[in-house]
Amino acid sequence: MRIGHGYDVHRLAEGRRLILGGVEIPFEKGLLGHSDADVLTHAVMDALLGAAGMGDIGRLFPDTDPAYAGADSLVLLDRVVERICSAGLRVGNVDATILAQRPRLAPYIPAMAENLARRLGVDQSRVNVKATTEEKLGFTGSGDGMAAHAVCLLEEG
Ligand code: MG
């Protein structure tokens, strides 16, 4: 077994779509970034790459590369999964937490977990997504941005 951790932050801005775990969520702002800025999927990718000893998404998909402008992060996740499988590793489970004051994410969480599980090629019972506020503290509490943490286990063989 190999364990990995991922953490990501994106700023909230007007005129952007809010996409978390590949789910578009109706909100007055969206996350700002070179790709679709899907902070949850980015944290999951970094957890997977960390467990595999393959660096991070910044190294794999540089934000200076125009190829990734507006990229669908689930497609980037597919590429991470391909690399992991090529290395003889498979996903054991993933657990992730989104830090956001608003909007209320609970209604969208099953769809996020389903998207991630499908792309990871595992049963949905192996992917857990949670969301919490930070009690109006810090940058997530003020609504300036969102963050996400993820941990995963990869199994060898
Ligand atoms: Mg990111």
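Contact means that heavy atoms lie within 4.5 Å. The views below come from a predicted model, in which local features need pLDDT of at least 70, side-chain atom pairs count only at pLDDT 80 or more, and totals for chains, interfaces and linings use all residues. Residues are numbered from 1 along each chain as its sequence is written, and side-chain values use heavy atoms, with hydrogens and water left out.

View A. T97 belongs to strand β5, residues 89–99; helices (H or I, at least four residues) and strands (E, at least two) are DSSP runs, numbered from the N terminus. Not counting residues up to four places away in sequence, T97 touches K130, T132, A147, A148 and H149. T97 and A131 are 34 residues apart in sequence, yet their C-alpha atoms are 5.2 Å apart in space. With a relative accessible area of 18%, T97 is buried; the term buried means under 20% relative accessible area, exposed over 50%, and partly exposed in between (1.4 Å probe, protein chains only).

View B. The magnesium ion is coordinated by D8 (OD), H10 (NE2) and H42 (ND1), at 2.1 to 2.2 Å. Donors are N, O and S atoms within 2.8 Å of the metal (3.2 Å for Na, K and Ca); water is not among the atoms, so sites may look incomplete. Along the chain, the donors follow the spacing D-x1-H-x31-H. Distant parts of the chain are linked here, with H10 in strand β1 and H42 in helix α1, 32 residues apart. H10 is buried at 14% relative accessible area, and H42 is buried at 7%.

**View C. The largest pocket.** This pocket has a volume of about 280 Å³. On a 1 Å grid over the protein atoms alone, a cavity is a set of points where a 1.4 Å probe fits but cannot get out, whereas a pocket is an open set with protein on both sides within 12 Å along at least five of seven lines; lining residues have an atom within 4 Å of a point. Grid points are joined across faces, edges and corners, and a volume is the space filled by probe spheres set on the points. The lining of the largest pocket comprises 16 residues, of which S35, H42, I57, F61 and D63 lie nearest its centre. Elements giving two or more residues to this lining are β1 (2–13), α1 (39–52) and α2 (57–60).

**View D. The aromatic pair of F61 and Y68.** The structure holds 1 aromatic pair. F61 and Y68 form this edge-to-face pair, 5.2 Å centre to centre, with 70 degrees between the planes. Rings of Phe, Tyr and Trp (its six-membered ring) pair if their centres lie within 6.5 Å; planes under 30 degrees apart count as stacked, over 60 as edge-to-face and the rest as tilted. Both F61 and Y68 are buried.

View E. I25 is found in the loop between β3 (23–24) and β4 (30–31) and is buried at 3% relative accessibility. Leaving aside neighbours within four places in sequence, I25 is in contact with L18, L20, P103, L105, Y108 and M112. P103 lies in the loop between β5 and α4, and a cis peptide bond with omega of about -5 degrees joins R102 and P103.
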